[in-house]
Amino acid sequence: MQERSSVADLANVLKRELDRYSPGGKLPSSRALVERFRVSPVTVSRALAQLAAEGLVVTRPGAGAFRTEPRAHAPAPGDTSWQEVALSADAATELVPRTVDASGVLATLAAPPPGVVEFNGGYLHPSLQPERAMADALARAGRRPGAWSRPPADGLPELREWFARGLGGSIGAADVLITAGGQSALTTALRALAPPGAPVLVESPTYPGMLAIARAAGLRPVPVPVDAQGVRPDLLAAAFRATGARLFICQPLFQNPTGAVLSAERRPEVLRIAREAGAFVVEDDFARRMAHDDAGPLPSPLAADDHDGVVVHVSSLTKVTSASLRVGMLAARGPVSERLRAIHVVDTFFVPRPLQEAALELVGAPAWSRHLRTVSTELTARREAMAVALRAGLPELSLPHIPAGGYHLWLRLPDGADESALLSAALRAGVALAPGRPYFCAEPPAGYLRLSFAGVAGTSEIAEGVRRLRTACDELT
């Protein structure tokens, strides 16, 4: 983090000093910049690369960096108002307009201003990421023969085999398709399994990114409530009967955002209900590798208990490693496999081979199991720290369930609380939150917040974030 800040700071200083040089003039040497600013040669190299990317300097190997010619004045912006008519005309002919609200996704992707505690994050803090192991894996992958050649469209056989072993049951490597992360896998699955205008059953509340995918595909999400034991089978069966849906999307393990685990009694019921409805179940198994120390034995994926090809399984390595290691998988059996493969190939061709090779190197190294143990222990400590701090400092926020996996807590606001106002007050107090509204595809029963404990530096930052949230709540009373 400090290195990134040093690069940005140096780049900004060099920008301000560019007027000292005439166009084509040479900047000080890298050695001179290292000595003057007391930074590393890597920092200087990255800062100059940033300026080169912005078109402010040009670097010449062996000669140095030179100021570029001034940019010509940009032409006046064109008139794009015609697009409003064109886009609205398209929507008028669609059964379900493909307008997409990405606010729920962006809430977990956007970096807040410096100094703000990130309770809105959707990925591990850099201190929890296996950066050294990933760097080593990428270096080893780059030395593999054919590392930059075209991979098989379905993915590297060894990586497909690794994912299949983790699923168990009768799933084999031939049933697995390597994707560019979980989001890409979900997009492929929804496009393959439901035509535009069709209803799709979703847990309520559920992951906003999935709702965005469904709406972008012109699908109609239909909510099925979740309780502490996962989706309610009686309401699931009723929703299938009422809508004629042929697709149900769920997260049976550490559901996002509630943290619920589908109970052992409900698991066969969900499969039976879907099978009788002639429907598929998309199982988003996003948090299996983020179980906490006190989770106990985990239930097997629904796909492992599925004998009739009902379940299309999705998982990825991204959540437990880095947002940039976008390697995931789809697993399915029967004729649907060919449709999934066809859509995947049309959309992306294939996942870049160096990334697949690096993923294979990472999960095959001794550092992989150590990393998973470290993440489990760290997430447990952070979850406990956040739960204790919330109950002591913000007792008016209801915390009905403490999950044994995943990376967040789901809080219900007091009746009548203004969710939007609280988010704004929290940001003024220096803490970023994820609002609950985007997790519902229909009207929510109350106001909610999702607080992540994975994207912060440690337990002390969690305590500070809760203190700031207390300040925000007091501002609104």
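Predicted model: local features only at pLDDT ≥ 70, side-chain atom pairs only at ≥ 80, totals over all residues.
Tutor: Residues are numbered from 1 along each chain as its sequence is written, and side-chain values use heavy atoms, with hydrogens and water left out.

Student: What makes C250 buried or exposed?

Tutor: Buried means under 20% relative accessible area, exposed over 50%, and partly exposed in between (1.4 Å probe, protein chains only). C250 has 3% relative accessibility, so the term is buried. C441 has a relative accessible area of 18% and therefore is buried as well.

Student: Why is the pair of F286 and Y407 called edge-to-face?

Tutor: A pair of aromatic rings is described by the distance of the centres and the angle of the planes. Rings of Phe, Tyr and Trp (its six-membered ring) pair if their centres lie within 6.5 Å; planes under 30 degrees apart count as stacked, over 60 as edge-to-face and the rest as tilted. F286 and Y407 have ring centres 6.5 Å apart and planes at 90°, so the pair is edge-to-face.

Student: Which parts does the pair of F286 and Y407 tie together?

Tutor: Helices (H or I, at least four residues) and strands (E, at least two) are DSSP runs, numbered from the N terminus. F286 lies in the loop between β9 (280-284) and β10 (311-316), and Y407 in the loop between α14 (366-393) and β12 (408-412), so the pair joins parts 121 residues apart in sequence. F286 is buried at 11% relative accessibility, and Y407 is buried at 3%.

Student: What makes the pair of W410 and F440 tilted?

Tutor: The planes of W410 and F440 are 40° apart, with 6.3 Å centre to centre, and the pair is tilted. W410 lies in strand β12 and F440 in the loop between β14 (434-435) and β15 (448-452), so parts 30 residues apart in sequence are tied together. Ring pairs link W410, Y439, F440 and Y448 into a cluster.

Student: How do you know that the charged end of R60 sits over the ring of F66?

Tutor: The condition is NZ of Lys or CZ of Arg within 6 Å of the ring centre and within 35 degrees of the ring normal. The charged end of R60 sits over the ring of F66, 4.3 Å from its centre.
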